[in-house]
Number of protein chains: 2
Amino acid sequence: MTAAEREAFTEEELESGWRLACQAYPQDDCRVYVPPESLSTQQRLQVEGTEIDIPLDPSIRSVACKIEPPSLAKPVADAENLLEKINAPGSVHVDIQVLRDLSTRLREWNWNLTAHIQDRELVAVRPPGSRPFGLAVDLGSTKIAGYLIDLDTGETLASRAIMNPQISKGEDIITRINFAIQSPGGRTLMANMVREGLMELAGSLCAEAGAETGDILDAVIVGNTAMHHLMLGLPVRQLAIAPFVPAVSGDLNIKARDIGLEFAPGAYVYLPPNIAGFVGADHVAALTATGGEWDHGNGMVIDIGTNTEISLIARGKITSTSCASGPAFEGYQIRDGMRASPGAIEKIYLGREDRIRYKTIDDAEPIGICGSGILDAVSQLCLAGVLDRGGRMLEGSHPQVVKKNGHLEFILVPQEEDRRGPEISITQKDVREVQLGKAAIQAAMEILMETEGISPKEIDKVIIAGAFGSYIDISNAMAIGMLPSLPLGRFRQVGNAAGTGARLFLLSSAKRKAVGKLLSRVKYLELAGTPEFSKAFTRTCLLEPCHLDPNAG
Amino acid sequence: MTAAEREAFTEEELESGWRLACQAYPQDDCRVYVPPESLSTQQRLQVEGTEIDIPLDPSIRSVACKIEPPSLAKPVADAENLLEKINAPGSVHVDIQVLRDLSTRLREWNWNLTAHIQDRELVAVRPPGSRPFGLAVDLGSTKIAGYLIDLDTGETLASRAIMNPQISKGEDIITRINFAIQSPGGRTLMANMVREGLMELAGSLCAEAGAETGDILDAVIVGNTAMHHLMLGLPVRQLAIAPFVPAVSGDLNIKARDIGLEFAPGAYVYLPPNIAGFVGADHVAALTATGGEWDHGNGMVIDIGTNTEISLIARGKITSTSCASGPAFEGYQIRDGMRASPGAIEKIYLGREDRIRYKTIDDAEPIGICGSGILDAVSQLCLAGVLDRGGRMLEGSHPQVVKKNGHLEFILVPQEEDRRGPEISITQKDVREVQLGKAAIQAAMEILMETEGISPKEIDKVIIAGAFGSYIDISNAMAIGMLPSLPLGRFRQVGNAAGTGARLFLLSSAKRKAVGKLLSRVKYLELAGTPEFSKAFTRTCLLEPCHLDPNAG
């Protein structure tokens with residue numbers, strides 16, 4: 001125990017084992033656990049999304065009723081008494097967890113209650129006049145966004161996001177899959193981490209709306225296939241090796257208690273279908289949420305991340321694919337990269353006379369550069385002639401290009417006397433990372449279009465979903481070929497379309513029914529390891545606008 | 001620690017706390033727990049029943065299949081791959097517990113397996129060629145009888161019974177209900193006791209058939225309403241107070257895991273409907289099992305116990321009732337009474353010249369008298385003029401009638417020098433207990449017949465179900481009015497009809513479907529506390545044959 005520690009902690013804290021990490025010296029290799037909640041800055045978490053405007057048709061039917069107490073003349077059982085009142089004897093059954101409380105509640109509430117029915121099952125009874133709550137969740141690998149909804153009105157009562165607690169076992173999906181496969185009990189542990197995260201999120205959403213998690217009558221969770229599997233405790237080994245198949249792709253309606261979620265006694269959780277091992281229910285939710293945008297023409301729905309999912313809608317057919325676009329767009333594998341949190345440079349503009357302008361998140365002191373900033377940097381450096389078409393940084397092309405340890409880099413924010421923050425640069429290696437990512441995305445899009453015999457100009461709408469996609473500069477992305485060269489008016493950045501889709505599935509049984517029809521229109525195109533993809537990839541590594549033959553198709 | 005204890009136990013036993021009960025002296029009021037398995041003799045447990053001969057139509061459909069492994073060209077998800085093979089994509093879903101193992105098992109078994117489907121759900125996958133096991137259970141308050149069945153052939157592979165572990169909390173239903181209501185956590189404890197008993201029973205049945213409990217694909221459990229509720233963890237307070245209503249009366253199909261039973265991953269447990277608070281699913285099972293006997297005429301189905309259930313089938317209508325017939329017929333509240341276990345006197349005959357003949361179970365040395373013996377005794381004493389019509393024991397009527405402490409009793413087995421066992425007598429109080437029980441049963445039967453306007457002679461068949469009913473002497477029961485005076489050929493003692501009914505529900509979906517129709521024919525007649533019952537009861541206390549007007553109806 002050092003003097004600094006004695007000063008920093010109270011007697012009790014010291015006794016319960018608190019020490020200063022900065023005073024500890026590892027005596028051997030060690031693993032440092034940083035809980036998500038202790039991250040120094042809050043990551044920018046996107047919970048907004050397009051507004052919902054659909055006919056309300058939730059899976060939960062709520063019926064207020066006043067029941068005749070049983071008598072010796074009519075000694076009818078409690079459950080049947082209630083079912084008769086709601087005109088459902090024989091056609092509806094009562095969940096066993098509801099049965100365990102029903103008799104007590106009926107008497108406590110003096111035979112007045114609200115019954116909540118899903119399909120042919122009574123999933124909850126609540127005091128008369130209770131509001132029916134539903135939960136929609138977008139389960140991302142980094143963040144978990146939740147929405148608490150009033151199923152009667154469709155109103156979003158609270159929305160909030162937390163970090164996915166699985167991050168402590170790996171930032172990216174592959175690391176987590178490996179952990180689940182290789183660690184004893186790893187699969188259960190991963191499922192438990194998400195479950196605890198979901199309960200924490202549900203708890204704080206409910207607290208905000210004056211409810212309890214036991215009041216949640218229905219839930220929808222969307223995530224990519226790996227997140228879906230890791231949450232349900234499904235095996236993931238077969239996801240990680242060719243031919244990369246999910247354990248299940250159809251939609252699931254599971255008792256919340258069967259996956260450890262403590263919602264209303266008989267509540268279900270709905271999980272939309274997965275398209276393939278790397279095109280998950282979150283993409284299906286995004287397709288559902290944006291259907292109005294693309295259903296009357298040709299369109300493209302893109303969600304860019306470490307893994308990028310793309311669906312091309314051409315002449316009524318939907319072709320989906322995915323590609324590994326790397327972590328550069330999430331700020332990783334970039335020397336001065338960081339997540340989209342305050343102080344991250346998110347926009348960059350190289351003006352005349354070698355002037356550099358940038359914007360940071362929350363206008364905070366710059367401390368690094370996030371995905372949209374990296375993309376802007378590469379595009380602007382390219383347009384300014386600092387990079388050639390091949391992505392090579394050119395010595396002497398700009399005063400800020402310097403050579404350090406034999407490698408060129410572009411100093412975006414210099415180290416200065418009056419700044420506390422670090423110097424922030426774009427290195428040649430950073431440019432290569434972006435090139436690889438954008439090449440994968442571009443190659444996937446081009447193969448999709450070629451396969452379907454459609455040219456970029458025939459695309460009426462390009463829908464860019466997801467957090468990163470909401471912040472990127474379309475022109476910059478177009479300049480390096482990551483997006484097809486089209487009038488800006490054809491692009492739509494829709495934010496968290498997956499979250500919006502989740503809310504739609506919660507509020508509309510019709511949307512759940514329609515998802516089978518949607519899926520039957522989807523053809524999955526596997527690109528991983530195909531010669532077409534390798535060939536296209538070599539071409540698309542060049543930093544130049546998309547050159548697909550404008551007369552094709 | 002006494003010297004006797006040092007001698008009786010090993011060092012380790014003494015250290016782990018073993019002591020001799022006979023050396024312990026209670027220092028205050030105390031409660032003694034006698035585990036069922038330590039009872040000195042095994043109770044006679046009835047697991048036989050009428051044989052089953054019906055078209056096999058189990059709820060479980062088993063499909064053997066060989067699946068094409070997925071490929072890059074056809075990267076279909078594992079669950080959908082299987083569902084497609086069994087021609088059920090879209091119409092069948094996979095239970096979440098099955099999904100958790102499916103991918104691993106498919107690869108382990110080299111894409112060969114047997115799929116087990118119930119309704120529209122895949123509830124288990126097993127290695128190719130696996131036998132489909134089902135479990136039928138008659139959950140009595142005293143014993144739990146189980147049958148392990150091959151669902152493909154209908155064969156009973158093993159049958160066995162254990163004591164109901166709840167006995168340690170009370171021999172009779174009312175004591176257990178009170179325990180469940182009044183003790184903190186009592187309801188959960190009662191449910192856990194049955195659950196553990198069921199798993200123990202299932203385990204030993206499976207061991208006998210070379211299977212494991214995880215191989216049980218479907219189960220049926222029948223019990224009276226209180227046992228049904230106590231097993232499911234349902235509230236029982238409303239069962240114990242007027243108007244004595246169950247929490248639920250309809251049939252239930254519950255996931256085994258939802259009631260803590262570790263059968264096949266997605267297995268269900270089917271519980272037939274209850275008719276009323278004191279006419280349970282076991283009676284429904286008995287009605288189902290004996291349907292062939294009574295469906296083409298007028299009939300009566302009786303199950304005699306502490307609570308006696310009676311159904312009268314008259315002109316196509318079924319009227320059911322129940323009455324509290326007391327514990328005398330199970331050997332309780334009788335001074336020298338005991339359960340039907342070896343050494344219990346089960347048959348008594350008073351011959352000429354005051355000769356007494358009796359038979360004990362297993363022809364063991366007599367140690368007490370069980371239910372059927374008590375009934376015989378009262379009837380024979382009545383016929384021999386030892387008792388008058390009113391049940392009064394007559395001094396001097398028989399050499400064995402003696403007066404002890406001012407009360408008359410009939411010595412059945414005298415204390416003798418060459419016998420180790422005790423003296424066994426019938427006391428005046430014992431006679432009163434039997435009178436009360438038989439009066440309740442007779443009153444209930446008579447009111448049923450009067451209500452439906454049918455005379456005893458119109459009854460074509462009297463079906464006596466249950467353990468006690470299998471051993472009673474019909475003539476003796478008739479002589480004191482407990483059964484209507486009819487030709488002996490109209491009586492049928494069918495043994496454990498409830499257990500047979502449980503097996504029927506396991507092997508025949510048609511029987512499950514038909515039970516709703518059966519129930520719709522049943523009218524429940526509540527007798528408790530009605531003036532009609534009190535009036536009839538006063539009359540039926542007399543020990544004489546049933547005198548219902550033979551011209552009624």
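Biologist: What makes the contact of A:Asp258 with B:Arg257 a salt bridge?
Modeller: This is a predicted model, and its closest N and O atoms for that pair are 2.8 Å apart. The limit is 4 Å between a side-chain nitrogen of Lys or Arg and a carboxyl oxygen of Asp or Glu. The distance of 2.8 Å is within 4 Å, so the pair counts.

Biologist: How many salt bridges are there between chain A and chain B?
Modeller: The count is 2.

Biologist: Which residues are linked with B:Asp258 in a network of salt bridges?
Modeller: The network links B:Asp258 with A:Asp95, A:Glu121, A:Lys255 and A:Arg257. Over all chains, the salt bridges number 62.

Biologist: What makes A:Glu409 and A:Lys404 a salt bridge?
Modeller: Their closest N and O atoms are 3.9 Å apart. The limit is 4 Å, so this pair also counts.

Biologist: Is A:Glu409 buried or exposed?
Modeller: A:Glu409 has 5% relative accessibility. Buried means under 20%, so A:Glu409 is buried. A:Lys404 has a relative accessible area of 33%. That value lies between 20% and 50%, so A:Lys404 is partly exposed.

Biologist: What is the distance between the closest N and O atoms of B:Lys404 and B:Glu409?
Modeller: They are 3.9 Å apart, and the pair forms a salt bridge. B:Lys404 is partly exposed at 34%. B:Glu409 is buried at 5%.

Biologist: Why is B:Asp363 called exposed?
Modeller: Its relative accessibility is 61%. Exposed means over 50%, so B:Asp363 qualifies. Its salt-bridge partner is B:Lys359, with the closest N and O atoms 3.8 Å apart. B:Lys359 is at 33%, so it counts as partly exposed.

Biologist: Why is A:Gln118 called buried?
Modeller: Its relative accessible area is 2%. The cut-off is under 20%, so A:Gln118 is buried. A:Gln118 lies in strand β3 (residues 112–118) of chain A. Beyond its neighbours within four places in sequence, A:Gln118 contacts residues including A:Ser59, A:Asp218, A:Tyr268 and A:Arg512.

Biologist: Where is A:Asp354 found?
Modeller: A:Asp354 is in the loop between β14 (344–350) and β15 (356–360) of chain A. Leaving aside neighbours within four places in sequence, A:Asp354 contacts A:His398 and A:Pro399.

Biologist: How do you know that strand β6 of chain A is mostly covered?
Modeller: Of its 8 residues, 8 are buried. Side chains in a regular strand alternate between the two faces of the sheet. On one side of β6(A) are A:Lys143, A:Ala145, A:Tyr147 and A:Ile149. On the other are A:Ile144, A:Gly146, A:Leu148 and A:Asp150. Both faces are covered.

Biologist: In which sense do β5(A) and β6(A) pair?
Modeller: They pair in the antiparallel sense over 7 bridges. A:Leu135 stands opposite A:Leu148. A hairpin through 3 residues joins the two strands. β6(A) also pairs with β7 (residues 156–163) in the antiparallel sense, over 7 bridges. There, A:Ala145 has A:Ala161 as its bridge partner. This hairpin has 5 residues between its strands, and A:Gly154 in the turn has a positive phi of about 85°.

Biologist: Which residues of helix α5 in chain A are buried?
Modeller: They are A:Ile173, A:Arg176, A:Ile177, A:Phe179 and A:Ala180. Seen down the axis of α5(A), the buried residues fall within an arc of 160°, so they line one face of the helix. Their cover includes α6 (186–208), α7 (225–232) and α8 (237–240) of chain A.

Conventions
Residues numbered from 1 in each chain as written. Chains lettered and ligands numbered in written order. Predicted model: local features only at pLDDT ≥ 70, side-chain atom pairs only at ≥ 80, totals over all residues. Heavy atoms only, no water. Buried < 20%, exposed > 50% of the residue type's maximum accessible area, 1.4 Å probe, protein only. Helix = DSSP H or I, 4+ residues; strand = E, 2+ residues; numbered from the N terminus. Arc of directions from axis to C-beta. Contact = heavy atoms within 4.5 Å. Pairing = 2+ DSSP bridges.
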